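Hi,

Here is the structure I promised to pass on.

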Amino acid sequence: MNLKVDDFISNAKKWQPEMEQLRQLLLDCGLTEEFKWRTPCYSFQGNNVVLIASFKSFCALSFLKGSLLQDTNGMLVQPGENSQAVRFFKFTNVSEIEELKPILKNYIYEAIEVEKAGLKVAFKSNKELELVDELKAILDKNLALKAAFESLTPGRQRAYNLFFEAAKQSKTRETRIEKYIPRILDGKGINDCVCGLSKKMPSCDGSHKSICGEK
């Protein structure tokens with residue numbers, strides 16, 4: 001058990017019991033617990049397999065190569081229309097996890113077999129959007145962020161990319177990207193409201209910039 005995961009779960013504002021239950025399930029399946037990209041990550045022989053993710057309305061068991069799983073029960077959720085690899089289960093209470101435990105184990109063991117076989121997701125290149133180099137580098141290092149970015153609509157991806165690209169210096173582009181990582185992980189576009197007070201939801205109407213954060 002990883003001490004950083006202990007801290008993450010104990011300091012979480014929501015879903016502590018649910019995340020602890022998922023954590024024990026993953027450890028029981030023989031995965032190695034690590035803490036990467038600000039979230040609990042579970043690997044098999046050095047290969048990242050699944051993440052535990054916490055969102056406002058649910059917590060998730062997120063399979064990094066979920067698109068390769070058979071999903072015979074039809075239970076995996078695709079984060080967004082642009083997500084090519086990640087698939088996840090979402091939970092809002094411990095009883096859901098308890099009820100699905102045998103099924104969840106089957107999915108986890110199948111994901112382990114995917115790694116044993118060395119299978120890889122055949123990503124389709126997005127020729128319509130050429131990401132700025134700094135964003136590409138950060139996404140390649142942060143799989144959770146990459147999954148979140150890919151789940152955004154094409155318009156939201158383009159808006160972020162244009163904003164980052166507009167900075168003249170590489171260091172400024174990196175600073176901008178780092179600033180907006182929490183927003184991307186939360187599934188929000190650069191122009192979306194994050195305070196919930198906009199009268200033009202989901203877009204920000206500009207009336208609460210001090211809360212939502214300005215560019």
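**The sheet and what packs on it**

The model has an open sheet of 5 strands, running β1-β2-β3-β4-β5 with antiparallel pairing. Before going on, some ground rules: this is a predicted model, where local features need pLDDT of at least 70, side-chain atom pairs count only at pLDDT 80 or more, and totals for chains, interfaces and linings use all residues. Residues are numbered from 1 along each chain as its sequence is written, and side-chain values use heavy atoms, with hydrogens and water left out.

Strands (E, at least two residues) and helices (H or I, at least four) are DSSP runs numbered from the N terminus, and two strands pair if DSSP finds at least two bridges between them. At the edges sit β1 (32–36) and β5 (87–91), each pairing on one side only. On average, neighbouring strands of this sheet are turned by 25 degrees against each other, direction ignored. β1 pairs with β2 (residues 39–44) in the antiparallel sense over 5 bridges, and F35 stands opposite P40 in β2. Packed on the sheet is α3, which touches β2, β3, β4 (59–63) and β5; contact means heavy atoms within 4.5 Å. The direction of α3 makes about 165 degrees with that of β5. Angles run from 0 to 180 degrees between N-to-C directions, and axes are lines fitted to C-alpha atoms, for helices over the stretch in contact.

**A helix pair**

α4 (residues 133–141) and α5 (residues 143–151) pack at about 120 degrees, with their axes 5 Å apart. The two helices are therefore oblique to each other, as angles under 35 degrees count as roughly parallel, over 145 as roughly antiparallel, 65 to 115 as roughly perpendicular and the rest as oblique. From α4 the contact uses L135, I138, L139, D140 and K141, and from α5 L143, L145, K146 and F149. By class that is 6 nonpolar, no polar and 3 charged residues; Ala, Val, Leu, Ile, Met, Phe, Trp, Tyr, Cys and Pro count as nonpolar, Asp, Glu, Lys and Arg as charged, and the others, Gly among them, as polar.

**One cavity**

How many cavities of 30 Å³ or more are there? The count comes to 1, a cavity being a set of points on a 1 Å grid over the protein atoms alone where a 1.4 Å probe fits but cannot get out. The largest cavity has a volume of about 50 Å³, taken as the space filled by probe spheres set on the points. Its lining (residues with an atom within 4 Å of a point) includes N48, F63, G66 and E115. α3 gives the most to this lining, with 3 residues.

Cheers

Key. On a 1 Å grid over the protein atoms alone, a cavity is a set of points where a 1.4 Å probe fits but cannot get out, and a pocket is an open set with protein on both sides within 12 Å along at least five of seven lines; lining residues have an atom within 4 Å of a point.
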